[in-house]
Amino acid sequence: MPPSRFDPYRLPPRPRSAPGWLPLSAVLLIVIGLFATGASLGRDMGLDWVGRLSGGRDELVLEPSRPVRIEIPSIDVDAPVHPVGLAADGSIAVPSLDRHEETGWYDGGPTPGQVGPAIIVGHNDTRSGPSVFHKVPQLRRGARIKVIRADDSVAVFEVTSVERFDKDGLPAERVYADFSRPGLRLITCGGEFVGGSIGYSDNVIAFASLVSARTR
C-alpha cells in the first residue's frame with residue numbers, strides 16, 4: 001500500500017507519576033499510523049459502572065469498561081473503537097490505513113469515564129480522502145461526544161476546548177496528567193502538510209469532560 005498523507009504524529013511522554021500509565025523515557029512518543037495492534041485488553045469488564053469521586057466532590061465516575069463505539073453528531077462521526085497499545089518501537093499504535101474510518105483507544109490508560117484522561121486517536125486523512133477524525137478541528141465548545149462501552153453503558157462527554165499544538169510543543173501535563181476528573185482526549189493531525197518524516201506540522205487535540213452516563 002502506498003503511504004498516505006497521514007504521517008506520524010507525536011504524543012508527549014506520559015508522566016511517571018500519573019496512575020494508570022506505564023513509565024517510559026522522557027523522549028517524545030510517536031504515534032505511527034502504519035503500526036497498529038490487534039491486542040485485546042485481556043480482561044473482563046464488570047457491569048457495576050456508576051461511582052462517585054471521593055473527597056467531598058459529587059462528580060460522576062464510571063467503573064472500567066473498554067469503549068466499543070464513538071458518536072459525535074455535530075461532525076458526523078459514528079465509528080468503532082478498538083483497543084490499541086504500543087508498537088514494537090515503543091510508540092502508540094493507531095488503526096492501520098485499511099481501517100482509517102475506525103478509531104483507537106489507548107489501552108494503557110483509563111477507559112472513558114474513569115478518573116483520568118482517556119485517549120482516542122484517529123486518522124485525519126489518506127490519499128483516498130478524509131478519514132474518521134478529519135472534522136475534529138471543527139468541534140466547538142459544548143459539543144457532545146458519546147462513547148458506548150462494552151458494559152452497555154454510554155459515557156457522554158462535553159468538549160471544553162479544541163486546540164492545535166506544534167508536534168514538538170505538546171503540553172504533556174494537560175494531555176496525560178489531569179487525574180482530577182474523568183476526561184477524554186481526541187487526537188489527530190492538523191496544520192500544514194509538510195511531508196517527509198514530519199507529515200502534518202501539528203496535532204489537533206479535543207479536550208472533553210464527562211457530563212453524564214446512562215445504560216444503553
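Predicted model: local features only at pLDDT ≥ 70, side-chain atom pairs only at ≥ 80, totals over all residues.
**Notebook: rings, cores and strands**

I started with a charge over a ring: Arg 174 lies over the face of Phe 207, 4.3 Å from the ring centre. For this I needed NZ of Lys or CZ of Arg within 6 Å of the ring centre and within 35 degrees of the ring normal.

Residues are numbered from 1 along each chain as its sequence is written, and side-chain values use heavy atoms, with hydrogens and water left out.

Next I looked at the whole chain. I found one helix and 14 strands; these are DSSP runs numbered from the N terminus, helices being H or I with at least four residues and strands E with at least two. Of the 216 residues, 52% are buried, meaning under 20% relative accessible area with a 1.4 Å probe, protein chains only.

Then I asked which residues touch the most other members of the largest nonpolar core. They are Ile 70, Leu 139, Ile 145, Leu 184 and Leu 186, in a core of 27 residues. Such a core is a set of buried Ala, Val, Leu, Ile, Met, Phe, Trp, Tyr and Cys residues joined through side-chain atoms within 4.5 Å. Strand S14 gives this core its largest share, four residues.

I picked out Leu 186.

Is Asn 203 buried or exposed? Asn 203 counts as buried because its relative accessibility is 0%. This residue lies in strand S14, residues 199-215. Its side chain reaches the backbone oxygen of Thr 188 at 3.5 Å.

Last stop was strand S8. Six of the six residues in S8 are buried. Strand S7 (residues 103-106) pairs with S8 in the antiparallel sense over two bridges; strands pair if DSSP finds at least two bridges between them. I found Trp 105 bridged to Ile 120 in S8.

Conventions: Buried < 20%, exposed > 50% of the residue type's maximum accessible area, 1.4 Å probe, protein only. Polar contact = N/O pair within 3.5 Å; in protein donor to acceptor, adjacent residues only side chain to side chain.
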